[in-house]
Amino acid sequence: MSVNEAKATASGTVSQVLQPIRGRLIGAGTLAALGSMLTMVPLAGIAHIAQLALSQGDAVGNWAQIGGQVWQVLGVSLGCLFLGMILISLGEMIAHLADNRITGHLRLAITRRLAKVPLGWFTSRASGEVKQAMQEDINTLHSLTAHFYTTLGRTVGAALIAVLYLFAMDWRMAIVSLLPFPLFFLFVARATKASSANMQAFGAGMARINNAVVEFVNGIPVVKAFGVEGKAHGSYREAVDAFAAAFTDFTRPLVSAMANAHALITPVAVLGIVLAFGTLFVSLGWITPLQILPFALVAPGMCAPLLLMSYITHDLHNATGAAQRVHTLLHTPVLENLAGTAPLLAQNAQVRVEHLSYSYDGETRVLDDVSFTLKPGTVTAIVGASGAGKSTLARLLLRFFDPSAGRITLGGVDLRQLDTAQLYRHIGFVLQEVRLIHASLRDNIALGRPGASQEEIEAAARTANIHQRILALPRGYDSVIGEDAQLSGGELQRVSIARAVLLDPPILVLDEATAAADAQNEVQIQHALSRFARGRTLLVIAHRLDTVMHADQIILIDNGSIREQGNHAQLLARNGQYARLWALGGYQQAKEKAQSPC
Ligand code: ADP
């Protein structure tokens, strides 16, 4: 994509994001333009009065003659000034109200969109990306919506009226007085071009320093413990030095060129040019000294809006990037439901996985033609080496993503025909990664059933073995994790089990999560799970659970395909991969338990 194409896409994105307030922004910009035109009138008025006064000489009679005219010009000038200020304020107010509106609109639109994106999208993205768009990017857009269009209007209005007025006065003087302004834009464009070559090195240096800081901070305990401080500081210092060099290369051409450009459009410089050329033109007999006055007053009046425009153009670059990120988030692919309404599902609906394939990147199949059935009330264990595709299978069952090929049905209905509420009423889950929202423990447990009573919440917490622990917290069920309560990984896991218990789903998917828990917690979690799982259809992604040997069916996945299927005894008798795994002690804990006399 060429630079021009990229710019066109960026401005297209900005206008799409700002579409809901486009009319208001154009209105605000127009008011600001009209206002700024009117505020330039007093400058012409002063020039006019001065010309009148100086051309009439000192005689008292002459003053009496021009008095009326002076008052008239003064009145018109003041009127224009006040009206202009009112219009500019009105424009600013409309722009700020529009900004407020778009901020609310975008936050709501992003939230609505994210509610429809596959749950799997969240696991593959850092929450930082969403936070960046929701908070920082939307705030950055403020400079675009609340300030850019009104500033543009003011600059264009001031420039337009000044150019028209000065050319009406004298075209030769108009050309020389206005010369600094196009020259300013020329210098700025050249400076930006010169430094854009170093921009990439600057960006890379910045990224390197960010990584070095994270590495440095993360590594502090190890560094201190092993006494290699100098080494860790070394890579950080290198990154800082490289960044400093890139920064100098980036800013050196920019700073001096920008300083020159800005110096060119200071009121003093513009006035100097007007006076120098004015004197020359007077000596050439082209104009009279009095004709210099309008130029000396009006041309410097254009400096302030142009400088403001130049500063705000800097922010525009950031705002365009922010608008693009917000736009991307607003267009995140959502889960598409199949047409047709889903029939009511029976409580004992059966899950069938039919020729299921899945690929994260559209190339490598992580699951390939997997088919099996979860009969109501049975326990199925999925086993296999790390990276075989077990968790992916669990995520597909929970519709974190939709299959690349094949389908999963619940009671004969494709999952893509069910709405999420219906799906999660039937299939509950406890996954390795526990996600709690920033709310009380009560609200966290009742997440799927906000109307649940305190008794129901407590009963669920008891089943999950976490009730006593919650009561021991200073504010009990009102405690907020991270604020006034700290729970261990295993305890958080039990909170997530309580959440699943409260929903009382007939089918439960467990991505066995005991690896991170200590022995005490592991026992508690096992008890909680076996109490909860009783009588339900259970799918366990087994890493080392003793449910494996008691499961009704065990499915061994290898490299995304089902390699072996049967119960513990059948698979051992087969003497295949499962038997080898068993013999190797891959399921050591279960083996020990199976062999122990009690
Ligand atoms: P298991 O649970 O059996 O350890 P997974 O289902 O987690 O296996 O992973 C199966 C394969 O898919 C692995 O090769 C893994 O690297 C890949 N994978 C898992 N999650 C993602 C993801 N979010 N994006 C891309 N690839 C992934």
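Predicted model: local features only at pLDDT ≥ 70, side-chain atom pairs only at ≥ 80, totals over all residues.
I looked up the accessibility of alanine 98 and noted it as buried, because its relative accessible area is 0%, where the cut-off for buried is under 20%. Leaving aside residues up to four places away in sequence, I listed Ile21, Arg24 and Leu25 as the residues that alanine 98 touches. I also checked alanine 98 against alanine 146, and the two are 48 residues apart in sequence, with their C-alpha atoms 7.4 Å apart in space.

Next I turned to histidine 426, which lies in helix H13, residues 420-426. Histidine 426 is also recorded here as buried, with a relative accessible area of 7%. I followed its side chain to the backbone oxygen of glutamine 422, which the side chain of histidine 426 reaches at 3.3 Å. With residues up to four places away in sequence not counted, I noted that histidine 426 touches Leu345, Ala346, Gln347, Leu410, Pro505, Pro506 and Ile507.

Last, I examined how helix H9 (residues 267-283) packs with helix H10 (residues 293-301), and I wrote down an angle of about 150° with the axes 9 Å apart. The crossing of H9 and H10 is right-handed. On the H9 side I listed Pro267, Val270, Leu271 and Val274, which meet Phe295, Ala296, Ala299 and Pro300 of H10. Sorting the residues of this contact of H9 with H10, I got eight nonpolar, no polar and no charged.

Key. Residues numbered from 1 in each chain as written. Heavy atoms only, no water. Axes fitted to C-alpha atoms, helices over the stretch in contact; angles between N-to-C directions. Helix = DSSP H or I, 4+ residues; strand = E, 2+ residues; numbered from the N terminus. Left-handed = near helix turned anticlockwise from the far one by under 90°. Contact = heavy atoms within 4.5 Å. Nonpolar A, V, L, I, M, F, W, Y, C, P; charged D, E, K, R; others polar. Buried < 20%, exposed > 50% of the residue type's maximum accessible area, 1.4 Å probe, protein only. Polar contact = N/O pair within 3.5 Å; in protein donor to acceptor, adjacent residues only side chain to side chain.
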